[in-house]
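Please walk through this protein with the model open beside you. The text starts at one residue and then widens to the whole chain.

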Amino acid sequence: MHFTSETSSDGIREQLLVVDGTPAALWTPDGPAATRPLVLLGHGGGEHKQEPGILARARRLVTECGFAVVAPDVPGHGDRPVEEQYNRLAVANQERIAAGADPGPLLAEFHALVARRTVPEWQAVLDAVQRLDHVGAGPVGYWGVSLGCGLGVPFVAAEPRVRAAVLGLGGALASAAEAARITVPVEFLLQWDDERVPREAGLALFEAFGSAEKTLHANPGGHGDLPAFELDSTLRFLARHLGRPVLTGPDRV
């Protein structure tokens, strides 16, 4: 692991790093070193580790929960080189969807392909950042929707350090078997009118989770219409299960 930059503002320390070729961003509270919960954020398709939604979630997890947060770039995204194989498949999928094909099986195939690389990459990122004095080997959570769900389900199923996961905007076609192996608490976000993931596929994924504690949050609207208030709920969920209470105050959850 090596660091490429470090900044600090508003009580948040941001470090850009690379672990075995995987670029990632790490955010931690500014201050003394301490072992703390760590949340890995999986970004959406076409996004990257520092896109606005990731930054917003990271800031709140750091400032309101006292967590460390890490977000890796998925292959072909952000600071990673272009992946011709993935690009060809993505373009072909877009053309087939525009021609009327069901997007569910196409997205499932793409997510399964990429997950074969990202699961070991993300495990290596966890290994590296948990060796840092200002992160430590505390409990781990996961937050990812859309592509972050398609990659997150096999990651959570394979990674015993994860104690709770926020997932959503994904279906069961490619990941039902992995979902059945997940037994940690899950908060699942579903858009009732999702044009990319059929409602039935999302409900089937929720049903497939092997968790004794799982909660479904369904809201009207399309794939990109996830309500902002759902972030409040996911912060409370992760704080409850990772052992650090959410802070209180006029701007807090």
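**A walk through the fold**

Serine 146 counts as buried because its relative accessibility is 12%. Buried means under 20% relative accessible area, exposed means over 50%, and partly exposed lies in between, with a 1.4 Å probe and protein chains only. Serine 146 sits in the loop between S6 and helix H4 (147-158). Its phi is near 60°, a positive value in a residue other than glycine.

This is a predicted model, in which local features need pLDDT of at least 70, side-chain atom pairs count only at pLDDT 80 or more, and totals for chains, interfaces and linings use all residues. Residues are numbered from 1 along each chain as its sequence is written, and side-chain values use heavy atoms, with hydrogens and water left out.

Leucine 169 also has a positive phi, about 55°, although it is not a glycine. Look for leucine 169 in the loop between S7 and helix H5 (176-180). At 7% relative accessibility, leucine 169 is buried.

Now step back to leucine 167, in strand S7 (residues 162-168). Its relative accessibility is 0%, so leucine 167 counts as buried. Which residues does leucine 167 touch, not counting residues up to four places away in sequence? They are Tyr142, Gly144, Val145, Gly148, Cys149, Gly152, Val153, Val186, Glu187, Phe188, Leu189 and Phe209. Contact means heavy atoms within 4.5 Å. Leucine 190 is 23 residues from leucine 167 in sequence, and their C-alpha atoms are 9.0 Å apart.

Cys149, one of those partners, is itself buried at 1% relative accessibility. Cysteine 65 is buried too, with a relative accessible area of 2%. How many disulfides does a search of the whole structure find? The search finds 0. The test is a pair of cysteine sulfur atoms within 2.5 Å. In general, a disulfide is a covalent bond between the sulfur atoms of two cysteines.

Move to proline 29, in strand S3 (residues 22-29). Proline 29 has 18% relative accessibility, so it counts as buried. Leaving aside neighbours within four places in sequence, proline 29 is in contact with Gly11, Arg36, Val62, Gly66 and Phe67. Leucine 61 is 32 residues away along the chain, with a C-alpha separation of 9.7 Å from proline 29.

Histidine 134 lies in the loop between helix H3 (103-129) and strand S6 (140-145). Is histidine 134 buried or exposed? At 10% relative accessibility, it counts as buried.

Now take the whole chain. The protein has 7 helices and 9 strands. These are DSSP runs numbered from the N terminus: helices are H or I with at least four residues, strands E with at least two. Of the 253 residues, 55% are buried. Among contacts between residues at least 6 apart in sequence, 68% join residues at least 24 apart.

The C-alpha trace spans about 55 × 35 × 30 Å along its principal axes. A compact globule of 253 residues would have a radius of gyration near 18 Å, and the protein agrees with 17 Å. That radius is taken over C-alpha atoms, and the globule rule is 2.2 Å times the number of residues to the power 0.38.
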